[in-house]
Amino acid sequence: MDRFVFRDRHYYVKRDDLIDPLLSGNKYRKLYSLIQTPAETYHRIVSYGGTQSNAMLSIAALCQKKEWEFHYTSKPIPQYLKKKPTGNLKMALEMGMQLHEVTADDYEKEVGLLKSKAGDSSLFVPQGGADALAQTGIDQLAKEIHQWQLKNRIEKLNVVTPSGTGTTAYYLAAALPDVAVLTTHSVGDKAYLIQQMEVLGAKPVNLRILQNEKKHHFAKPYAEFFEIYRELKHAGIEFDLIYATHMWHTLLQHVESIEGTLLYVHSGGLIGNETMLDRYHHKGLC
Ligand SMILES: *Cc1c(COP(=O)(O)O)cnc(C)c1O
């Protein structure tokens, strides 16, 4: 837990990014129950999604440690990436991930089949690890936050963390009913995030979804995000350029009206910054 001053305001930051470079942040929490699973339980993990996904990288690292096969289905990747993979994709392939590209037309159908093909020793993990499997590890994170809150006698606490699938924010809010959990949607709109969360259960009342005044597209470079990234780093902590920059940018638009202590849960993802920084560079934004 770090104290952090940003734009003249005090925050605490839970440094889950420091757990492990590959299995960092909320991916460590979401995969925690699998990390604890004996290696002989499975021989293969099957998943799907984007080819620079942080979840993909973390599952690849987990499978390498456990000596499990890792099969990952994606839409076709560009020719230049195939020739010279970068970032998360490069590392995941180096750790033995077997990539299965399917055409955009077949993607939904193939993904549907993955689940039905998974058997006893082959485990299906949904995109981004959005699964009840994630609850054990996030409950542990909630317990650490709760103990810290008691020890420091913090009465009114707000826990801030960005959402992709919303799994982390959802289980955090469910486990911490007396705390306000603030998040924002990085993928799609607010309705889409709620819909994703409702796969896990009814949305907890203490979970608040903040909206950014401006619509941003997922994982796209924006000058205002780079500025936040640069300032945060200068203030002492590096955050990821996809989820955290959007979360901080949104939070700052609402922070005046939020009462109580602010705790930001660092969700990791720093290895992905390499490819994001390339893209910012390409666009002349850094
Ligand atoms: C995966 C990820 C998220 C989103 O987590 P969800 O549980 O899918 O909402 C947020 N931040 C970072 C850095 C991530 O890698």
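The model is a predicted one, in which local features need pLDDT of at least 70 and side-chain atom pairs count only at pLDDT 80 or more, whereas totals for chains, interfaces and linings use all residues. Residues are numbered from 1 along each chain as its sequence is written, and side-chain values use heavy atoms, with hydrogens and water left out.

In Thr165, a side-chain N or O atom is 2.6 Å from an oxygen atom of the ligand. For Thr168, the distance from a side-chain N or O atom to a ligand oxygen is 2.6 Å. Asn26 places a polar side-chain atom 3.0 Å from an oxygen atom of the ligand.

The chain is assigned two domains, domain 1 (2-23 + 133-282) and domain 2 (27-132), with bounds that come from an automatic or database domain assignment. Their centres, taken over C-alpha atoms, are 24 Å apart. Domain 1 contributes 26 residues to the contact and domain 2 contributes 27 residues, contact meaning heavy atoms within 4.5 Å.

The size of an interface is often given as the accessible area lost when the parts come together. Between domain 1 and domain 2 the buried area is about 2200 Å², with 62% from carbon and sulfur atoms; this is the accessible area (1.4 Å probe) lost by two parts on being put together, summed over both. On the side of domain 1, Leu22, Leu23 and Leu133 lose the most area to domain 2, together 37% of what that side buries.

Three salt bridges are counted between the two domains, each a side-chain nitrogen of Lys or Arg within 4 Å of a carboxyl oxygen of Asp or Glu. Glu144 and Arg29 form a salt bridge whose closest N and O atoms are 2.9 Å apart.

Terms used. Polar contact = N/O pair within 3.5 Å; in protein donor to acceptor, adjacent residues only side chain to side chain.
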